[in-house]
Amino acid sequence: MQKVKIPITIDPCKAAQRRASYDGVIALEELSRLQQVVQDQVGEIAVTIRCETDQQGLVVVRGNVQAKVTVLCQRCNDELGLDLEQDFAYSPVGFGTESEELPECYDVVELDEEGEINLRQIVEDELILAIPIVPKHTEASCSFSDKPVSFGDIEEQESKPNPFEILKQLKKDS
């Protein structure tokens, strides 16, 4: 199957009736929030999305997203390459409706005013969630050292008189 650009929005109900599937790519430039988190991206973001109806009659948007990105190691401040892969399953709900009846295996995505969902936003959210909270190399491959790091000379401060010295004198006098 040929890799194509993933549409920005889809109507999940119509796509589920057609059992639509999308196998394509998204460029990092189209995901502004992810650009702020990563330093660089290698290749394109591979996305697979299937729209279907489950046994309960719920519309489900399932998919997988894969990307190779570079972030900053929080231990040594060097570049750290990450292979991100995330599976997801969403069930759309109407704008402002309750989602308590959905099974726990589905995440909730709200339909917009036109009854569509934004696929790029879903992919971007999943990739951001796949990045570790504190990305860092393994200790063996990290260039961080335990040597104390000092920038410049620290001037010695003059010793100030202890303000409680007066109280000590009063205690001796009494």
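A residue counts as partly exposed when its relative accessible area falls between the buried limit of under 20% and the exposed limit of over 50%; Asp 125, with a relative accessible area of 26%, is therefore partly exposed. The model described here is a predicted one.

**Salt bridges**

- The count of salt bridges in the structure comes to five.
- Arg 33 pairs with Asp 125 in one of these, with the closest N and O atoms 2.6 Å apart; because Arg 33 belongs to helix α2 (residues 32–37) and Asp 125 to helix α3, the pair ties together parts that are 92 residues apart in sequence.
- Arg 33 has a relative accessible area of 35% and is partly exposed, and Arg 33, Glu 124 and Asp 125 are linked in a network of salt bridges.
- Glu 52 forms a salt bridge with Arg 50, where the closest N and O atoms are 3.9 Å apart, and the side chain of Glu 52 also meets that of Arg 62 in a salt bridge at 2.6 Å, N to O.

**Helix α3**

- Helix α3 covers residues 119–130, and its twelve residues, at 1.5 Å a residue, should span 16 Å, which agrees with the 17 Å that separates its end C-alpha atoms.
- At the start of α3, the backbone nitrogen of Arg 120 has a side-chain oxygen of Asn 118 within 3.0 Å.
- The buried residues in α3 are Leu 119, Arg 120, Ile 122, Val 123, Glu 124, Glu 126 and Leu 127.

**Aromatic pair**

- The structure holds one aromatic pair, in which the rings of Phe 88 and Tyr 90 have centres 5.8 Å apart and planes at 55°, so the pair is tilted.
- Both Phe 88 and Tyr 90 are buried.

**Surface patch**

- A nonpolar patch on the surface is formed by Phe 164, Ile 166, Leu 167 and Leu 170, which together have about 460 Å² of accessible area.

Definitions and conventions. Residues numbered from 1 in each chain as written. Predicted model: local features only at pLDDT ≥ 70, side-chain atom pairs only at ≥ 80, totals over all residues. Heavy atoms only, no water. Phe/Tyr/Trp six-rings, centres within 6.5 Å; stacked < 30°, edge-to-face > 60°. Buried < 20%, exposed > 50% of the residue type's maximum accessible area, 1.4 Å probe, protein only. Helix = DSSP H or I, 4+ residues; strand = E, 2+ residues; numbered from the N terminus. Expected span 1.5 Å × (residues − 1). Polar contact = N/O pair within 3.5 Å; in protein donor to acceptor, adjacent residues only side chain to side chain. Patch = residues over 30% accessible without salt bridge, like charges linked within 9 Å, V, L, I, M, F, W, Y side chains within 5 Å. Areas by Shrake-Rupley, 256 points an atom, 1.4 Å probe, with all protein chains shown as cover. Salt bridge = Lys/Arg side-chain N within 4 Å of Asp/Glu carboxyl O.
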